[in-house]
Amino acid sequence: VIYGSSRVLSYYKKLLNLEEFNFAQVKNKGQFAARSVNVVNCWEDVIEINPGKASNESGKAALKALQTACAELKEGLIDALVTAPIDKHTIHSEEFPFKGHTEFLAKEFGGESLMFMVSEVMRVGLVTDHVPLKDVATQISKERVEAKLRLMEQSLKKDFGINKPRIAVLGLNPHAGDGGLIGVEDDQVLRAVVSDQRSRGKLVFGPFPADGFFGAALFRQYDAVLAMYHDQGLVPFKALAFEEGVNFTGGLPIVRTSPDHGTAYNIAGKNQANEASMRRAIVTAGEIFQQRKELSKEK
């Protein structure tokens with residue numbers, strides 16, 4: 001089920017010469033045609049389509065599509081949500097004062113959330129996500145790291161079927177602080193959290209210096225890695241799994257995934273985009289939904 005516009009879809013079908021691609025317009029709410037691509041029209045206004053060019057109108061349209069999909073997800077008309085990349089500048093408004101999908105969905109569905117990048121190669125979660133680098137250290141607290149570890153462990157069990165997950169924690173500073181010579185956060189916060197987790201029987205390890213951890217491929221020994229900030233986790237993740245990586249929002253009562261890349265305006269409408277990450281996001285959403293369904297049956 002695609003939430004957007006049949007007019008926009010028809011435009012790109014013609015532009016890309018996709019003669020064999022067909023879809024059904026949803027006339028009545030929730031009545032989807034079986035074995036078909038269904039399109040829910042989320043706005044009636046005629047919007048000028050300019051591939052690869054940002055506009056306020058496209059931002060408003062993206063928000064309407066997101067709001068409609070969330071409403072129908074709440075009603076149980078669909079089972080999971082897969083979001084396409086958004087332009088954070090054009091969607092940002094009084095109605096959408098968020099830094100991205102993750103923050104919006106956490107408010108929309110309630111509860112804490114974990115930005116969790118997943119692939120066959122590795123899984124990486126973030127303590128801080130869309131935060132300026134200069135503010136990261138001030139947000140690394142015992143309570144916050146513990147909360148993200150809890151969300152990660154719960155997600156690994158509930159969403160990926162790993163009963164006793166092994167989690168690696170990355171250090172904040174170079175060389176994980178080097179014994180206090182390069183910052184105190186690793187010793188005063190991270191080592192204390194890891195020690196406490198271990199005393200409670202959790203398989204949590206670290207903090208590891210990030211460069212050596214990824215350089216020596218130590219991530220292969222763990223079910224997931226908790227990074228302290230956005231690029232610390234996403235640079236190695238995208239370097240190794242860009243074409244099949246998925247952004248999963250852990251901790252929510254609903255299943256939401258997204259491809260691990262942005263809007264790529266520079267190649268919009270040119271039939272050059274690699275669809276692998278979006279395809280994987282759709283498959284992953286289905287797999288996680290089924291995993292949760294099976295788990296609920298067991299309980």
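Let's start just after helix α4, where G110 takes a positive phi of about 80 degrees. Helices here are DSSP runs of H or I with at least four residues, strands are E runs of at least two, and both are numbered from the N terminus. This is a predicted model, so to speak of local features we need pLDDT of at least 70, side-chain atom pairs count only at pLDDT 80 or more, and totals for chains, interfaces and linings use all residues. Residues are numbered from 1 along each chain as its sequence is written, and side-chain values use heavy atoms, with hydrogens and water left out.

Back to α4, residues 101-109. Its buried residues are H101, T102, F104, L105, A106 and F109. Buried means under 20% relative accessible area, exposed means over 50%, and partly exposed is in between, with a 1.4 Å probe and protein chains only. What do the buried residues of α4 pack against? They pack against α2 (56-74), β4 (81-82), β10 (246-250) and β11. Contact, wherever I use the word, means heavy atoms within 4.5 Å. F109 also has a charge over its face: K74 lies 5.4 Å from the ring centre. The criterion is NZ of Lys or CZ of Arg within 6 Å of the ring centre and within 35 degrees of the ring normal. A second case is R123, whose charged end sits over the ring of F160, 4.8 Å from its centre.

Next, the strands. Strand β7 covers residues 166-170, and four of its five residues are buried, so the rest of the structure largely encloses it. Four bridges join β7 to β8 (residues 203-208), and the two run parallel. Strands pair if DSSP finds at least two bridges between them. I167 stands opposite V204 in β8. The chain gets from β7 to β8 through helix α7 (residues 185-199), in a right-handed β-α-β crossover. Right-handed means that, with the strands pointing away from the viewer, the path from the first strand over the helix to the second runs clockwise.

β7 has another partner, β9, paired in the parallel sense over three bridges. Here V169 has L226 as its bridge partner. A224 lies in β9, residues 224-227. Is A224 buried or exposed? Buried, at 0% relative accessible area. Beyond neighbours within four places in sequence, A224 is in contact with F116, R123, M152, L156, R166, I167 and A168. L18 is another matter: 206 residues from A224 in sequence, and 39 Å away in space, C-alpha to C-alpha.

Now some backbone details. The peptide bond from G206 to P207 is cis, omega near 0 degrees. P207 lies in strand β8. Two residues other than glycine have positive phi. D178 is near 50 degrees. It sits in the loop between β7 and α7, partly exposed at 38%. N271 is near 60 degrees. N271 lies in the loop between β11 (256-259) and α10 (276-298), and is exposed at 59%.

On to aromatics. There are 13 aromatic pairs. Take Y11 and Y12: centres 5.3 Å apart, planes at 80 degrees, so edge-to-face. Rings of Phe, Tyr and Trp (its six-membered ring) pair if their centres lie within 6.5 Å; planes under 30 degrees apart are stacked, over 60 edge-to-face, the rest tilted. Y11 is partly exposed at 33%, and Y12 is partly exposed at 26%. F214 and F219 have centres 6.1 Å apart and planes at 40 degrees, so that pair is tilted. Both are buried.

Last topic, salt bridges. The structure holds 14. The cut-off is a side-chain nitrogen of Lys or Arg within 4 Å of a carboxyl oxygen of Asp or Glu. D45 and K64 meet at 3.9 Å, N to O. D45 is in the loop between β3 (38-41) and α2, and K64 is in α2, so the pair ties together parts 19 residues apart in sequence. E146 and K142 meet at 2.7 Å, N to O. Both lie in helix α6 (residues 142-158), four residues apart, about one turn of the helix.

Which parts does the R292 and D159 pair tie together? The two side chains meet at 2.5 Å, N to O. R292 is in α10 and D159 in the loop between α6 and β7, so the parts tied together are 133 residues apart in sequence. R292 is buried at 13%, and D159 is buried at 3%. Finally, salt bridges with shared partners join E153, K157 and K202 into one network.
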